[in-house]
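The structure under discussion is shown first.

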Amino acid sequence: MKFVLKGYMEKQPDLNIEMRAILVDWMVEVQENFELNHETLYLAVKLVDHFLSKAVCMRETLQLLGSTAILIAAKFDVSILHHFCMDFVLPDPFPYPAWSL
């Protein structure tokens, strides 16, 4: 396979594979709650993995990374973007300001 990412979690000093799994579980819940296409979820997870392979992410910003990846992936599916964007950015409790996305 051409786009397989290997060993990128070892480069993360503040994260481990279980934390990534929890993030992906949360992303699946978001995908189900907002009725996003499965492809949107797959792209979002791939974006997270690619980011983690290139940059260090602290555990405090891991959910922000997942949120941003979902919004970027949803941009490819314009039909659903308007439907959930503001609800997604402003759920309670969302620990980050909307501008941080």
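Helix H3 spans residues 62–75, and its 14 residues reach 20 Å from the first C-alpha to the last, close to the 20 Å expected at 1.5 Å a residue. The model is predicted. H3 is largely enclosed by the rest of the structure, because 10 of its 14 residues are buried.

- The buried residues of H3 are Leu62, Leu64, Leu65, Gly66, Ser67, Ala69, Ile70, Leu71, Ala73 and Ala74.
- Two packed helices are described by the angle between their axes and the distance between the axes.
- For H2 and H3, the axes come within 8 Å and the crossing angle is roughly 130 degrees.
- The cut-off for roughly antiparallel is over 145 degrees and the roughly perpendicular range is 65 to 115, so H2 and H3 count as oblique to each other.
- The crossing of H2 past H3 is right-handed.
- On the H2 side, the contact is made by Thr40, Leu43, Ala44, Leu47, Val48, Phe51 and Leu52.
- On the H3 side, the contact is made by Leu65, Gly66, Ala69, Ile70, Ile72, Ala73 and Ala74.

**Nonpolar core**

- The largest nonpolar core has 19 residues, and Met27, Val48 and Leu52 have the most contacts inside it.
- The elements giving two or more residues to this core are H1, helix H2 (38–54) and H3.
- Val48 is in contact with Leu23, Met27, Leu65, Gly66 and Ala69, leaving aside neighbours within four places in sequence.

**Met9**

- Met9 is found in the segment before helix H1 (17–33).
- With a relative accessible area of 11%, Met9 falls under the 20% cut-off and so is buried.
- Not counting residues up to four places away in sequence, Met9 touches Leu15, Asn16, Ile17, Arg20 and Leu52.
- Met9 and Leu52 are 43 residues apart in sequence, yet their C-alpha atoms are 7.1 Å apart in space.
- Leu52 is also among the H2 residues that make the contact with H3.

**Asp49**

- Asp49 lies in helix H2.
- The relative accessible area of Asp49 is 9%, and the residue is buried.
- Asp49 touches Leu5, Tyr8 and Arg20, not counting residues up to four places away in sequence.

Notes:
Residues are numbered from 1 along each chain as its sequence is written. This is a predicted model: local features need pLDDT of at least 70, side-chain atom pairs count only at pLDDT 80 or more; totals for chains, interfaces and linings use all residues. Side-chain values use heavy atoms; hydrogens and water are left out. Helices (H or I, at least four residues) and strands (E, at least two) are DSSP runs, numbered from the N terminus. The expected span of a helix is 1.5 Å times one less than its number of residues. Buried means under 20% relative accessible area, exposed over 50%, partly exposed in between (1.4 Å probe, protein chains only). Contact means heavy atoms within 4.5 Å. A nonpolar core is a set of buried Ala, Val, Leu, Ile, Met, Phe, Trp, Tyr and Cys residues joined through side-chain atoms within 4.5 Å. Axes are lines fitted to C-alpha atoms, for helices over the stretch in contact, and angles run from 0 to 180 degrees between N-to-C directions. Angles under 35 degrees count as roughly parallel, over 145 as roughly antiparallel, 65 to 115 as roughly perpendicular and the rest as oblique. A crossing is left-handed if the near helix is turned anticlockwise from the far one by less than a right angle, and right-handed if clockwise.
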